[in-house]
Amino acid sequence: MSVNQQAHTGPPYGRPQPGYQGYQQPAYGGQPLPGVPQLQYGAYNGPMPGYQQPAPPQGYFPSLGFPSKGSPVSLNSDTSSLAPNFIGSLRAPSTSGAPPPASGASLPSGHLTYSPFGQGDVQNGIPASAAAVQRPPASQPYLPGSAPMPVSQTPTFQQYGPPPASVQQLSNHMAGMTIGSVAASAPPPAGLGYGPPTSVPPVSGSFSTTGSGLYTPYTASQGPPPTSVSQSLPLAQPPFPGAPRPPTMPGPPLPGQTVAGPPTTQPNHVSSPPPPSAMSGPQPGPPMSGLHGPPPPTHPPQPGYQMQQNGSFGQVRGPQANYGGTYPGTPNYGSQPGPPPPPKRLDPDSIPSPIQVIEDDRSNCGSEPFVTGVRGQVPPLVTTDFLVKDQGNASPRYIRCTSYNIPCTSDMAKQSQVPLAAVIKPLATLRPEETLPYLVDHGESGPVRCNRCKAYMCPFMQFIEGGRRFQCCFCSCVTEVPPHYFQHLDHTGKRVDFYDRPELSLGSYEFLATVDYCKNNKFPSPPAFIFMIDVSYNAVKSGLVRLICEELKSLLDYLPREGNMEESAIRVGFVTYNKVLHFYNVKSSLAQPQMMVVSDVADMFVPLLDGFLVNVNESRTVIASLLDQIPEMFADTRETETVFAPVIQAGLEALKAAECAGKLFIFHTSLPIAEAPGKLKNRDDKKLINTDKEKTLFQPQTSFYNNLAKDCVAQGCCVDLFLFPNQYLDVATLGVVTYQTGGSIYKYAYFQLETDQDRFLNDLRRDVQKEVGFDAVMRVRTSTGIRATDFFGAFYMSNTTDVEMAGLDCDKTITVEFKHDDKLSEDSGALLQCALLYTSCAGQRRLRIHNLSLNCCTQLADLYRNCETDTLINYLAKYAYRGVLSSPVKTVRDALVNQCAQILACYRKNCASPSSAGQLILPECMKLLPVYLNCVLKSDVLQPGLEVTTDDRAYIRQLVTSMDVAETNVFFYPRLLPLTKADVDSDSLPAAIRNSEERLSKGDIYLLENGLNIFVWVGVNVQQGLIQNLFGVSSFSQISNGLSTLPVLENPFSKKVRSIIDMLQMQRSRYMKLIIVKQEDKLEMLFKHFLVEDKSLSGGASYVDFLCHMHKEIRQLLS
Ligand SMILES: [Zn+2]
């Protein structure tokens, strides 16, 4: 089934369909149906009072004085730190986000008649009639009684605000700074030729250069002739295309498995102890002198935007501790004979600070709601807490773009090298005060669509001929308005029912899908969850099996429910396995569960249909009995070997037999070496790192799992994988099915009940409860001129346009890249429409539509002024992480550096005022590009630390590929909070500081989080009182090493710290591992790995050094 399927032909003529009820408001002439509560979908109300909707491209003007029914939304002006997508209590009865609606409404008869359940479901499944009785009435909550939202946002572009410190410059002395790193870290592209230092380009009125440094800049008098930016490295040829999945990597078969290194209980592990150079930061040097005035602009000044601002980049400092060496592969660097001049470095305070940018955005944007009525409006940063009001474009929680003003032509796009990409999270969780997408029911005729490109009705379609036809905003084709959908236009050309219909006035909404959008032209059955538990020796011995069974007893009461349903429609089933599989009959009529063993794993089948998938409430006692018995049954097992592929096959077959989609929750402990399809070998080999064969470590060792994944996607069988390895288990291969079915992987290396059970149980609870759609297909349509060409994320594609996901949950993100295939125009801008067809947790087939309008430009400056670096980094990281599947890691790193240098060089050449080549000039919106890019380059996938395991790298690679912008932001640049500066009397967080060791004080306690881990770092000189309050011991030395929890103590500081940690845990999609680190303790190395502005032990450059390196790269391109 494809999203673009031709809509069902509607009835010949008719009034609005009976199913369309909730949007009719008497004031607009709607006729409420008798007996149908008005709030069925939540009243949809027009624009907010006083909000002046700006002109969309094609002339839709909401009348300014329109009588508003202002959607009651309480305005939260807290700008502190609550990130978007705050999730509620994990154990709340329902996490669907929708409060109980006022009432249900019966559907048009026959509309939701579920297809008969498959064999075996008749007795245990939910009766079809019960499932069809009520359509969950709301996909969004209605919040009555709160105050109307005050409106103060004016429809202007944010970017034209008061002049920020728009440009960052670094004086030419930068070029003389030390650049380099020990191991391979983003060397300049080969062939560019770095000449020996001969001269420093003159700079008028420049800083005095206080030290010639090891490396001098490339100048025009040496090296290769100048090349134009657009010629040197065409974007059209990505350095690591595609993501092929080559066949088995042979490798020597190993008997059994070997333990790979010391116990590593979390990814990104760095274990080799450092030279004890802690706190020996660089010494400040003499201050810079001699600022020079701004050069004359070449462009006409743009209102409110200051193209360039000269700033002092302050002091030169001594070399960074532990720093030395050169970039490998660039022999010209640092190879001059003679004693090297004393290297100097920039004052870190003088270079662009992520913390400052985040704080500035919070104070500028955090207090006002972000109203989406304006085309091409750049949203606040993901680190800013803001409220979104949908006025015709999708919320940035659903879609973020690398740029909101895109070049009109392909040439211009190539010249800039700025990737045009959108990061889409179709089922994103909104803030409680925000409105979930309304559900629109057009009855049997289904949604109205363009005849040619099949785009769905949206606010940008233009009605013509008195409303009888509409012109498509994507392809310009003119389509007849179906008679039942006809409506008159007002004097501005706008339909008079504009505000009654979400699909005409909102950026995001849902359509109830007709049977034409369903597989085999049958409405789907509700999905099923199958829990599949490894009961081999390790799983039993660690207490894991008992833990899972205990948890499931209560967790099954919290399966996702839809709307006002009293119980979940999801059926459940249970399998245990080691070398063989055990199926369980938990039919409600049984006194005790029955086990059926399948030992022939070569050709998996499901030995029972009736009684395997059951309703939790009906079979409650049998299920409880089973969950009690499982740990006992396998308590004395000696079986150490496991199978894996047959487990997935079993779940798949069970879903096939039940004719439904669903999710498998697999709890697995070891490399599947037992004789069975999909059997694996231990092929881990760290000697491959930094060789051309390194990519094989990321590739699956057999194509078996790719084929299995394809079958799973076809059935809507999503696989979530919980891994508990004590050694290598080949995440790269085991994760293939999970990855391609839209599932999630969780990994708990060296799982120990005491330290890891909270994390695992929280992850499991959230994973089971979270909103998820099944059997999903996503397509992104665009205006003529650009098209979606590339996709990144956890999904499967069988053609070039449709992104298929067996399951798609509220955390999963798809990054889509666009390329020009024609010209765009500044007048019409560019439009994106993301359509997601999916089956809800109650078995309802729906279409979720997100629309976004962007500006188009003919001036590069407009592009650079409307970029979003966080989104750019999300794209670049995913691009690079896919690249490692097919290219040497060094090639991937070089390509990243190269592309970013070109982006910045293009800005410098075309947008910045002329100035000395010795100045580094960064566009305001991209001034953090170097620091964030460096974090990507230093990440464990692209530059592994010595003790990072192959499985860690494969795991991180897959995680990042599905991350949204907020997640990649904090993953690559962790949040570092001085806990001792926290105000115990307020709810706010202490102000974050930059991720560098020299920012830490020995007398303070800090928290660092990156979305996977939380570190609490304790300085050696922390006051005893604070230590007593937080740890309950009297001195620093009494704090236990390796602590993973904080004691619950009744004092303000302890409460404050624990509440901060709880709050951060709630904000993230995974429960973070807490690690207490004492200064100068062994574990501190692990912590320091995340101080990403510093040089890393694995050879990653410090921020300062990398900035210098980028500057050189840019100069190279410009000369
Ligand atoms: Zn069209």
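Donors are N, O and S atoms within 2.8 Å of the metal. In this predicted model, the zinc ion is coordinated by four such atoms, namely the SG atoms of C450, C453, C472 and C475, at 2.2 to 2.3 Å. Along the chain, these donors are spaced as C-x2-C-x18-C-x2-C.

The angles subtended by the four donor atoms run from 102 to 115°, and the arrangement around the zinc ion is therefore tetrahedral. For four tetrahedral donors, the ideal angle at a metal is 109.5 degrees.

| Residue | Relative accessible area | Class |
|---|---|---|
| C450 | 1% | buried |
| C453 | 22% | partly exposed |

Because buried means under 20% relative accessible area, C450 at 1% is classed as buried, whereas C453 at 22% is partly exposed.

The report now turns to the nonpolar cores. The largest nonpolar core holds 147 residues, and those that touch the most other members are L581, F583, I666, Y864 and L942. Helix α16 (residues 889-910) supplies the largest share of this core, with eleven residues. Domain 2 (528-770) and domain 3 (974-1091) each contribute at least three residues to this core.

For L581, when neighbours within four places in sequence are left aside, the contacts include V575, T576, M596, V597, V598 and V601. Also in contact with L581 are M604, V643, P646, V647 and A650.

Terms used
Residues numbered from 1 in each chain as written. Predicted model: local features only at pLDDT ≥ 70, side-chain atom pairs only at ≥ 80, totals over all residues. Heavy atoms only, no water. Donors = N, O, S within 2.8 Å, 3.2 Å for Na, K, Ca; no water. Tetrahedral: all angles 85-135°; square planar, octahedral: opposite > 155°, others 65-115°. Buried < 20%, exposed > 50% of the residue type's maximum accessible area, 1.4 Å probe, protein only. Core = buried A, V, L, I, M, F, W, Y, C linked by side-chain atoms within 4.5 Å. Helix = DSSP H or I, 4+ residues; strand = E, 2+ residues; numbered from the N terminus. Domains from an automatic or database assignment. Contact = heavy atoms within 4.5 Å.
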